[in-house]
Amino acid sequence: MDRDVLRAEVKALLAEGLRLELAPADIPDDSPIFGDGLGLDSIDALELVVLVEERFQVSIPDEEIGKRAFASVAALVEFIAAERGT
Amino acid sequence: MSLAGRRVLVTGGSRGIGRAIALACAQEGAAVAFCSREAGGAAGETLSALRRTGVLAAAVQADVADAAAVATLFTTVREALGGPPDVLVNNAAVTHDALLMLAPEPAWRDVIETNLIGAYRCCRAALRPMIAGRWGRIVNVVSPAAFLGKEGASSYAAAKGGLVALTKSLAREVARFGVTVNAVSPGLVETRLVAGMSADARAELDARIPLGRPGTPEEIAAAVLFLVSPAASYVTGTTLHVDGGLTML
């Protein structure tokens, strides 16, 4: 899948799935998903794990992989692409 | 029928307290699966009793001390009940009683592996669909030994004490997703073990219990039923002591 399309899908999932007060287009590519950036805490990550796994058919089995995948929107896009071999 | 439409998994469900919990959930209309280490005998009888209530029921042979078996258990239950469990009762437990100074490490470790790590594994396998569905109930069966200690049972007490702490921690982690996590602490319960005791030993035990008698598996099941029912929607992270007043915490 094209990176731009995937990035847009990821941002849409973040905005809707986690009920952010930001429009998908306003979510920055490079700031951390959890922590200061979007006002989400580490427990919100559980829900994002469930949403991302279901939507993109990838597996985020543990904390270490989760930290890497959720470092930023850009990192999440790369993680999904790599997991799916695209 | 407070559990109509729910899917329940009880670990260690073929006999005793686990069996009573499985049956109570079925009588409230839930589809019920249970696992036990041994197939046949008691498991077959419990499965028949569950089916007589008219609900969808399944029995799976699985040892929660085995990570691969737990993974298979959840896949099997999902298929048998038409979806993942939204109620999980961690009841499976073993004992290897010995005074600590004389307790061999493999046996001590084995108790932690089944009673504590087994529950961790089942929680981990159950949580994703519960969070996705924004509803879930987890009940961990613990013991007065977790609160009072018990001579000759340090491994059991340590595992159950750990399970109480797991209950509180996990309750904090998943509360916002509509998932509650609680514990039930059964005191002395009328089982084959108690029935086999001498009259004197029995009288001595009963004297330590303010209500003056052992409980029944059904009395424990009633507490679990409360915790998974809509009546307990505002209860999480706690332990319900169903022990005739033995512990009083």
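Two strands count as paired if DSSP finds at least two bridges between them. Helices (H or I, at least four residues) and strands (E, at least two) are DSSP runs, numbered from the N terminus.

Before you start clicking, note that this is a predicted model, where local features need pLDDT of at least 70, side-chain atom pairs count only at pLDDT 80 or more, and totals for chains, interfaces and linings use all residues. Residues are numbered from 1 along each chain as its sequence is written, while chains are lettered from A and ligands numbered from 1 in the order in which they are written.

**Stop one: a strand in chain B**

Select Val89(B), and opposite it you will find Val139(B) in E5(B). Now show strand E4 (residues 87-90) of chain B with E5(B): four bridges join them, and they run parallel. To get from E4(B) to E5(B), the chain passes through helix H4 (residues 105-133) of chain B in a right-handed β-α-β crossover (with the strands pointing away from the viewer, the path from the first strand over the helix to the second runs clockwise).

Val141(B) has Val184(B) as its bridge partner in E6(B).

Is E5(B) enclosed or open? Six of the six residues of strand E5 (residues 136-141) of chain B are buried, so it is largely enclosed by the rest of the structure. A residue is buried if 20 or more other C-beta atoms lie within 10 Å of its own, exposed if 12 or fewer, and partly exposed in between, with C-beta atoms placed from the backbone.

**Stop two: a loop in chain A**

Jump to Phe34(A), in the loop between helix H1 (3-17) and helix H2 (44-56) of chain A. Phe34(A) is partly exposed, because 18 other C-beta atoms lie within 10 Å.
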